[in-house]
Amino acid sequence: ILAQVLFAPRPPPQIAFEMDSYSTRSNTIFCTFVTCLGSCAILSHLTSYHFEVNPTGTAQMREITELTKNSYLGADQAILTFDVDANLESEFNWNCHQLWVYVVASYTTPKNARNEVVIWDKCIEDVDEAKFSETVQNKYPLRDEFTLLRGANITLSFRYRQQPITGIVYEKRLGETSFVAPEEYFRAKSG
């Protein structure tokens, strides 16, 4: 009798499941929404590779307006005037949020093997703004902290980064031009 009591089949326990509770419903809706959103983002990213991209861009040196020593910082400082020409219309598709366009001045000195300074930039948010030709001065001064800018061989390069809605941010380099900085300090003539 003891064996019959111990090993007798028992009915399964009655567990009350609430299949339709508010938290279960909201979890299902949230997970479905995130899955659909992620799938759309992946498809948007993958289909943006289908477009042919052929951007053009250059930064041509026009003149060095001034080359001085910044006495407050103890650094050489140059103000440049250059032409920026670009046609980046082909970069825009349904996955492109904006383009950040910039000009980098790079040079080498005995103290630093690599010096890169962003001297001008522009944010392009619409395809209508993606084709432009401008003569500009640097927004940000070209400075060298060790006062070794005089006589340096400087290269201006036109670069941009595409910020997609979903996907990878990448940098592209287009045109480069080189020039040699003057050996002596000088100021722009006023008037």
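This is a predicted model: local features need pLDDT of at least 70, side-chain atom pairs count only at pLDDT 80 or more; totals for chains, interfaces and linings use all residues.
Let me begin with glutamate 171, which forms a salt bridge with arginine 161, the closest N and O atoms being 3.8 Å apart; by salt bridge I mean a side-chain nitrogen of Lys or Arg within 4 Å of a carboxyl oxygen of Asp or Glu. Because glutamate 171 lies in strand 8 and arginine 161 in strand 7, this pair ties together parts that are ten residues apart in sequence; strands here are DSSP runs of E with at least two residues, and helices are runs of H or I with at least four, both numbered from the N terminus.

Residues are numbered from 1 along each chain as its sequence is written, and side-chain values use heavy atoms, with hydrogens and water left out.

Glutamate 171 also forms a salt bridge with arginine 159, where the closest N and O atoms are 3.9 Å apart. This second pair links distant parts of the chain, with glutamate 171 in strand 8 (residues 170–180) and arginine 159 in strand 7 (residues 153–164), twelve residues apart. How buried or exposed are the partners? Glutamate 171 counts as partly exposed because its relative accessibility is 32%, and arginine 161 is also partly exposed, at 36%, whereas arginine 159 is buried, with a relative accessible area of 4%. For these words, buried means under 20% relative accessible area, exposed means over 50%, and partly exposed is in between, with a 1.4 Å probe and protein chains only.

These residues belong to a network of salt bridges that links Arg114, Glu116, Arg159, Arg161, Glu171 and Arg173. In total, the structure holds eleven salt bridges.

A polar contact of another kind involves glutamine 77, whose side chain meets the side chain of arginine 143 at 2.7 Å; a polar contact is a pair of N or O atoms within 3.5 Å, where, within protein, one must be able to donate a hydrogen and the other to accept it, and residues adjacent in sequence count only if both atoms are side-chain atoms. Glutamine 77 sits in strand 2 (residues 75–87) and is buried, with a relative accessible area of 13%.

Turning to the loops, threonine 147, in the loop between strand 6 (142–144) and strand 7, has a positive phi of about 50° although it is not a glycine. Proline 110, in the loop between strand 3 (96–107) and strand 4, is exposed, with a relative accessible area of 80%.

Finally, glutamate 129 lies in the loop between strand 4 (115–124) and strand 5 (131–137) and counts as partly exposed, at 38% relative accessibility.
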